[in-house]
Amino acid sequence: MTPPTHRASITLPDESTAKRVVDTLSELFFEDQAAFAAFERPDGRWDVTVHFAEPPDQTLLCEMVGQAVRPDVASTLVLDTVEAKDWVKASLEDLVPVAAGRFIVHGQHDRYRIPPNKLGIEIEAALAFGTGHHGTTRGCLLLLDHVLKAYQPRRVLDLGTGTGVLGIAAAKAQHRKVLASDIDPPSVRVADENAQLNGAGHLVDVIRATGFASPRFAEDGPFDLVLANILANPLRQLAGPMARHLASSAQVILSGLLTHQAPAVIAAYRARGLVPLRHLKIEGWSSLLLRSVR
């Protein structure tokens, strides 16, 4: 059972404003005093939530938010108390298995319920981002299943792996090596642990890297298939470096973008010689399958 926490939440117009608010409050509170979360909504706005172990100084908090945004926006800040609850247990109760083609993403509590003709990927609720319940992860898995029905890529990259779910899926489906990378050290650790948990530790090689800055990409490439479930802006910025690490006729699965952001991402990759083959839309999110024609 976790103790009650105090929560401040606000909806902001865009990503840059959300980042300013988080940066401002991060300077005010130490890591053990507050936990920050920022998520993009389907309508393009951003929700910023801060959890505090102790009640924050409300006047100071509103004043600091006001320094980062307009006063009228800062006045919409909402403070409340989150009741004590076993959040992991509650999450597990809600985390039903998610099917995506041949793949089923599930928690430990459903480990023995996976049909023998499906590939189970076990990801726990405590590691919520990338459990398969988000539209982007499910879209990527559906496209991966589609690709593997007609194509057997030898060199696979899971860029921005998060919990490792996509890399694990590709490795288990093909029984082949997959290179997985993430900029975030905890994600690298979590992805490696999940690969071990799913019996794919010998197949999924997880490294820490920013973009394509590691020499491992040149050593393990060029890649026949790249999976990248990140965000729209980083995906556009990575179009050039990614194209340089692709094999002839390589296929690329991209997600982490809202549906209205898809045309700009497609345009960035089309300019580097990739053409769109499929576009899945799930819960306001887009997942793209593209192929290199160079």
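Visitor: What percentage of the contacts between residues at least 6 apart in sequence join residues at least 24 apart?

Guide: The figure is 67%, where contact means heavy atoms within 4.5 Å. Please note that this is a predicted model, in which local features need pLDDT of at least 70 and side-chain atom pairs count only at pLDDT 80 or more, while totals for chains, interfaces and linings use all residues. Residues are numbered from 1 along each chain as its sequence is written, and side-chain values use heavy atoms, with hydrogens and water left out.

Visitor: How many helices and strands does the protein have?

Guide: The protein has 11 helices and 14 strands. Both are DSSP runs numbered from the N terminus, a helix being H or I with at least four residues and a strand being E with at least two.

Visitor: What makes a residue buried, and what percentage of the protein is so?

Guide: Buried means under 20% relative accessible area, exposed means over 50%, and partly exposed lies in between (1.4 Å probe, protein chains only). Of the 294 residues in the protein, 48% are buried.

Visitor: Why is histidine 106 called buried?

Guide: The relative accessible area of histidine 106 is 5%, which falls under the 20% limit, so the residue is buried. Histidine 106 lies in strand E6 (residues 103-106). Beyond its neighbours within four places in sequence, its contacts are Pro97, Arg111, Ile114, Gly120, Ile121, Glu122 and Ile123.

Visitor: Why does alanine 262 count as buried?

Guide: Its relative accessibility is 0%, under the limit of 20%, and alanine 262 therefore counts as buried. Alanine 262 belongs to helix H11 (residues 262-270). Leaving aside neighbours within four places in sequence, alanine 262 touches Leu257, His279, Ser286 and Leu288. Serine 286 is 24 residues away along the chain, with 6.7 Å between its C-alpha atom and that of alanine 262.

Visitor: Why is arginine 20 called partly exposed?

Guide: Arginine 20 has a relative accessible area of 40%, which lies between 20% and 50%, so it is partly exposed. Arginine 20 is found in helix H1 (residues 15-28).

Visitor: What makes H1 oblique to H2?

Guide: The axes of H1 and helix H2 (residues 58-68) come within 9 Å and cross at roughly 140°. Angles under 35 degrees count as roughly parallel, over 145 as roughly antiparallel, 65 to 115 as roughly perpendicular and the rest as oblique, so H1 is oblique to H2. The axes are lines fitted to C-alpha atoms, for helices over the stretch in contact, and angles run from 0 to 180 degrees between N-to-C directions.

Visitor: Which residues of H1 and H2 meet?

Guide: Arg20, Val21, Thr24, Leu25 and Leu28 in H1 meet Leu60, Leu61, Met64, Val65 and Ala68 in H2. These divide into 8 nonpolar, 1 polar and 1 charged. Ala, Val, Leu, Ile, Met, Phe, Trp, Tyr, Cys and Pro count as nonpolar, Asp, Glu, Lys and Arg as charged, and the others, Gly among them, as polar.

Visitor: How do you know whether H5 and H6 are roughly parallel or roughly antiparallel?

Guide: The axes of helix H5 (residues 135-150) and helix H6 (residues 165-174) come within 10 Å and cross at roughly 20°. That angle is under 35 degrees, and H5 and H6 are therefore roughly parallel to each other. The residues of their contact divide into 9 nonpolar, 2 polar and no charged.

Visitor: Why is H6 described as largely enclosed?

Guide: In H6, 9 of the 10 residues are buried, so H6 is largely enclosed by the rest of the structure. Among the buried residues are Val165, Leu166 and Gln174.

Visitor: Why does histidine 175 count as exposed?

Guide: Its relative accessibility is 66%, over the 50% limit, so histidine 175 counts as exposed. Histidine 175 is found in the loop between H6 and strand E9 (178-182). Its phi is near 55°, a positive value in a residue other than glycine.
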